[in-house]
Amino acid sequence: MHFKKNVLDEKIELEVENGIIIKISKGTSGEITIKVMKNGYSTNYVNPPIPEGYKHVCGKWNDGFVIERLSDGSQFVWIPVGSLDSDGTLDGENFLEKFGRRNYREGDDIFSCKHFHEDLNQELSEQFESVKKYGGFYISRYNISKSSTGKPQSVKGVIPWVDISFNDAKKTALTFENNEKVKSDLPYGAAQDSVLKWACETGSMTFTEIVMDSTNLGNYTNERKSPSKIAVTGSREEWCVNKICDLTGNVNEWTQEQHGNLCRVIRGGDYRVPADICPAAFRDYDKPCRGSSYTGFRIAIYIK
């Protein structure tokens, strides 16, 4: 057993075996916190942290733990990254991370500077550290919509916020939460694929549904009916995956992943196209200054 103590921080760290660390800390009010870390990720993902100003409304950590912001009713779902298989990538080369992008559909060179890439910059690095520390992150339960006062919200029964460029979606996501406890952002590809991986590992989506045909999981156009139109958020229970609604279909979603030097990646497909052309794992892209009537976004929340 390896033992370290930092008197200034009032923390004790125990390494009980290779790769497993127990961290014991004393809070300002004298409370004791114990965290178990394995392979760098906290195993406390089974007890999701609830940020100040939110309440738990339904679900468990492994089937959709939903929290709601008291100020406006916006809902978010916990993604227990610490429970996932380590087959994601942050550098585009090594597929060894729980939190990371997955190569679902293309060849070995899909993650490269000429195709799809994502730099491990300071912002993403901070999010990665948060995910490891707490075992996961939150994603908006619904596509983001605009409140009557023009503010972003994640609520049921409204038309998603579309006709928004990547640049404006990014700015909007950053304003949702930014305090000493939590920070919000537009999801990176690492977050988006971690959500899909969790859906697959829990059996809420099959690998085939993610990669080949998401017809039964979202608002798409198909041969058996006339072209669809955009639906309000959370319109059908069968289009919810672990309580995350409209994860595929209805509207595309901006992410911070990049394609080439100029474009940003959009994911999930939309109501205008068949699900076997643009399933959940499909990557499309557009210039960051452009918006469209079929592209929206989600917001991710990370605990500091």
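**Exercise 1.** Locate N47 in the chain and decide whether N47 is buried or exposed.

*Solution.* Begin with the secondary structure, in which strands are DSSP runs of E with at least two residues and helices are runs of H or I with at least four, numbered from the N terminus. N47 sits in the loop that runs between β5 (41-42) and β6 (54-58). Next, take the relative accessible area, where under 20% means buried, over 50% exposed and anything in between partly exposed, with a 1.4 Å probe and protein chains only. N47 has a value of 55%, and is therefore exposed. Finally, K60 is 13 residues from N47 in sequence, while their C-alpha atoms are 8.9 Å apart in space.

The model is a predicted one, in which local features need pLDDT of at least 70 and side-chain atom pairs count only at pLDDT 80 or more, whereas totals for chains, interfaces and linings use all residues. Residues are numbered from 1 along each chain as its sequence is written, and side-chain values use heavy atoms, with hydrogens and water left out.

**Exercise 2.** Summarise the chain by its secondary structure and its buried share.

*Solution.* Counting the elements gives four helices and 20 strands. Turning to burial, 52% of the 304 residues of the chain count as buried. As a last step, consider contacts (heavy atoms within 4.5 Å): among those between residues at least 6 apart in sequence, 59% join residues at least 24 apart.
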